[in-house]
Amino acid sequence: MTRVWVSIGSNIDRETNIVSALSALERRFGELKVSSVYRTAPVGFEGDDFYNLVAGFETDASPVEVTRILREIEDAQGRERAGGKFSPRTLDLDLLLYADMVLDKDGVQLPRDEILRYAFVLGPLAEIAPTAIHPVEGRRIGDLWAEFGEGECNLTPVSFDWRPGRL
């Protein structure tokens, strides 16, 4: 089994879409390790704030297979892809890390470059996987977060319980 980390974001019907995504991930992959949920402003466009978090799980599926499953979950939540990368979305699921694999093939980039660029990815990842090693940087995720510059993060924690019936 391989430990993987996935970023999750939504700025359309956020609560419903995140609960649905986490439930779908849990049904498909089993027990999840889930970060806190953070509200963040959209990057690259005007729109409603996002809810962002990171989830981790163990899997025997390949990175390409995990990515395919993530796209299926997005599609089930009505993800529109015509709007481009910087647009509102019902759900955005990205494979961040697949153990220590480095890969750029078949539409899968590992580690995902957003880890080092965006607080809304690195912060939640550091919260639940501080000792994971970034396979290109060769450094712990928690150390990368400590150096990120928290004054520029704008991560607002959101009280959020994703388990069905607890929202």
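Predicted model: local features only at pLDDT ≥ 70, side-chain atom pairs only at ≥ 80, totals over all residues.
View 1. Strands are DSSP runs of E with at least two residues, and helices are runs of H or I with at least four, numbered from the N terminus. Tyr38 also has Pro157 of S10 as its bridge partner. Strand S3 (residues 37–40) and strand S10 (residues 156–158) are antiparallel as well, with three bridges between them.

**View 2. Helix H1 covers residues 14–29.** Its 16 residues reach 22 Å from first C-alpha to last, close to the 22 Å expected at 1.5 Å a residue (1.5 Å times one less than the number of residues). Gly30 follows H1 and has a positive phi, near 95 degrees.

**View 3. The buried residues of H1 pack against strands and a helix.** Among these buried residues are Ile18, Leu22, Leu25 and Phe29; buried means under 20% relative accessible area with a 1.4 Å probe, protein chains only. Their packing partners are strands S1 (2–10), S2 (33–34), S4 (50–59) and S5 (92–98), together with helix H2 (63–76).

**View 4. The whole chain contains five helices and ten strands.** Of its 167 residues, 49% are buried.

**Notes.** Residues are numbered from 1 along each chain as its sequence is written. Local features need pLDDT of at least 70 and side-chain atom pairs pLDDT 80 or more, while totals for chains, interfaces and linings use all residues, and side-chain values use heavy atoms, without hydrogens and water.

Methods: Buried < 20%, exposed > 50% of the residue type's maximum accessible area, 1.4 Å probe, protein only. Contact = heavy atoms within 4.5 Å. Pairing = 2+ DSSP bridges.
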